[in-house]
Amino acid sequence: MRNVHAGLPFTAAEFSDEQLAAALEDLSVPALLVSCVHMSRPEDRAAILASELRPQGSFLNEYQGFLDADAQARARAFALDVVRDWRDRGCPEPEPVSPAMVKQLMEWIVGAAVGDEYVPLVLEELELDGADERAGAPVAGAADYPVVIIGAGMSGILAAIRVSQAGFPFVIVEKNAGPGGTWWENSYPGARVDVGSHFYCYSFEPADHWTEFFPQQPEVQAYFQGVFDKHGLGDHTRFSTEVVGATWDEAAGTWSVELDTGESLVARAVVAAVGQMNRPFVPDVPGGFDGPAFHTARWDHDVDVTGKRVVMVGAGATGFQVAPAIADQVKSLTVLQRTAQWMFPNPGYHDRVGPGVGWAIRHLPFYGRWFRFLIFWPSCDAAFAAAKVDPDWEPQATSVSEINDIVRTMFSEWITSQLPDDPELVAKVVPDYPATGKRTLQDNGSWLQTLSRDNVTLVRAGVDRLEADGVVDDQGELHPADVVVWATGFRVNDFLLPLRIIGRDGQDLRETWGSAPRAHLGVTVSGFPNLFLLYGPNTNLASGGSIIFASECEVTFMVECLRLLAESGSAAIEPTRAAYDDWYERVQAEAQTMVWASPHIEHNYYKNAEGDVHGINPFRIVDYWGWTRRPDPADYQLS
Ligand code: NAP
């Protein structure tokens, strides 16, 4: 069978030379040239790689390898000949490339050396052999181990697909009326993904239809709906039903999963796929406001903000997207920004995808795979160094290392270059803490353009209280409002809230954790057999990658734990106490060496009230990938 990424054959009658030339104009030249390598006869490949037309380096969201317009034009003209020749030869399936060749292609396309340890990761992630290696082989005995999955968001859908492929019966319980989780709930104006969508999709479900490189919420939700439907998950899902808790029955080796309907589901394993950012946080401030007020994740679409005075509290990733989307509709917009945000320059953040891209993903061998790699690679461990604290670096209050300081300079210049005539606004929007210490935002200039509008005011203050007619900031100033928007984020450090999970010996999971949630590799918990957390403690990626990549690692690990359980006919699997404690100590020690724990950042959801980092994975992506390929039997006990 033809490799699914080898390109659907086409003829000159179906796609003329003119159409071909037009399509190539939309493409990433580095990914196109690597596709040409695949299309070429083995004896011709080396010449392409040896040509002077080669990427000059890689950078997040830089798709042209820093080639100038002339070099791009020459590369496209060259590629046109290669594609035409391949087409006229009948679009033969390309000869497979060896792992050594893959490494060569990786190094060529990013213009830098790549460590050997990344090659197997990339081979798995890109599926160049056309095989979905992460699907794993069916598990013997799986039919006796029904699984309940809590949540039909990104990670719940993924878990369902994988447990289904392994042969486990499963039910998904989802509190919303449809799938998508965060992409279902966050329908606020301007909501869009800020990881490139050709990478922000499952490795085994690439999409060729994105209309924007960073699409808006309806399109992302539709993607998850489409994958959900394609894999037939609807028949397994109970929507508009909330899990309230789960209790382990030691004698039976089962979980009883309690629903808000009063029913219980009995399962051998539970997968909690509830996300880290599912429970909105609204500050508990005194007073009351008489008009409409809502959190961004509960946007009230019945409220028309046109011509209204809107006060928005919060300027994180969400507020940053809302403001540009509503500024030209509202009478006035006042943004209360307690802490300024660092922004990463991404001029193409709102760019549309040309029609040639989808065509190339469908028809040109491995084009989509290498384009995915181009987005993945600069965010895969490359940014890690800038987040690492150099204890000898001074002053730590503004940057944590030399490279972190370089990033600070780059980000500062990006911000100030946009405001040459507005020193007052510059003073409000340039952060005073180390870069990348809080979540860095993707910026194409729309935020500062919005703040520069006459009807928009940025107030660098927090919120103190509500009045019937507005919001009072912590400097005592009243900001009159018709509508109040809380863009104040989520209860990120309250893992699994409000689930009541009772494990062995009647232990309540959230009580056991207290303010220190933990899970071995972020997935399994000692004393809570056959419980698997997705997007659990210390699994969020702050310096790169995508949360889909992290979830694919966690789900692989979860299924491999289930494999150990079912194939051994055991009742329970859980990490040993030693492995569980050791992981926690290592993860916490490592987290304290990263910028996210910086004591110079006063407000940061990356830290809890004690200054500990329980959400973020402080290890390299390649390490986490390696550790989660399968459980180490020495770290797990079966009973
Ligand atoms: P957030 O990053 O936690 O930001 C919350 C905002 O509210 C911050 O400006 C915060 O100020 C402010 N705030 C909180 N409590 C306050 C108080 N008592 N008084 C005044 N201000 C207060 O939440 P978010 O913007 O919803 O983003 C959460 C996460 O969701 C992001 O980091 C990202 O991971 C994800 N997200 C992703 C996308 C995307 O992919 N496109 C979009 C949106 C969100 P301080 O900074 O001072 O704490």
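How do the residues of the lining of the largest cavity divide into nonpolar, polar and charged? They divide into 5 nonpolar, 3 polar and 3 charged. Here Ala, Val, Leu, Ile, Met, Phe, Trp, Tyr, Cys and Pro count as nonpolar, Asp, Glu, Lys and Arg as charged, and the others, Gly among them, as polar.

The model is predicted; local features need pLDDT of at least 70, side-chain atom pairs count only at pLDDT 80 or more, and totals for chains, interfaces and linings use all residues. Residues are numbered from 1 along each chain as its sequence is written, and side-chain values use heavy atoms, with hydrogens and water left out.

The structure holds 7 cavities of 30 Å³ or more. A cavity is a set of points, on a 1 Å grid over the protein atoms alone, where a 1.4 Å probe fits but cannot get out; lining residues have an atom within 4 Å of a point. Grid points are joined across faces, edges and corners, and a volume is the space filled by probe spheres set on the points. The largest cavity contains about 70 Å³ of space. Its lining includes Val274, Gly275, Gln276, Arg491, Asp494 and Phe495.

The ligand is surrounded by 27 residues (a heavy atom within 4 Å). The closest are Arg192, Thr318, Thr339, Lys438 and Tyr605. A ligand oxygen atom is 2.5 Å from an N or O atom in the side chain of Tyr605. Taken alone, the ligand exposes 900 Å² (Shrake-Rupley method, 1.4 Å probe). The protein buries 87% of that area.

The count of disulfides (pairs of cysteine sulfur atoms within 2.5 Å) is 0. For Cys36, the closest cysteine sulfur is in Cys91, 13 Å away, which is too far for a bond. Cys553 is likewise in no disulfide; the nearest cysteine sulfur, that of Cys380, is 9.8 Å away. Cys36 counts as buried because its relative accessibility is 0% (buried is under 20% relative accessible area, with a 1.4 Å probe and protein chains only). Cys553 is buried, with a relative accessible area of 3%.

How values were computed. Buried means under 20% relative accessible area, exposed over 50%, partly exposed in between (1.4 Å probe, protein chains only). On a 1 Å grid over the protein atoms alone, a cavity is a set of points where a 1.4 Å probe fits but cannot get out, and a pocket is an open set with protein on both sides within 12 Å along at least five of seven lines; lining residues have an atom within 4 Å of a point. A polar contact is a pair of N or O atoms within 3.5 Å; within protein, one must be able to donate a hydrogen and the other to accept it, and residues adjacent in sequence count only if both atoms are side-chain atoms.
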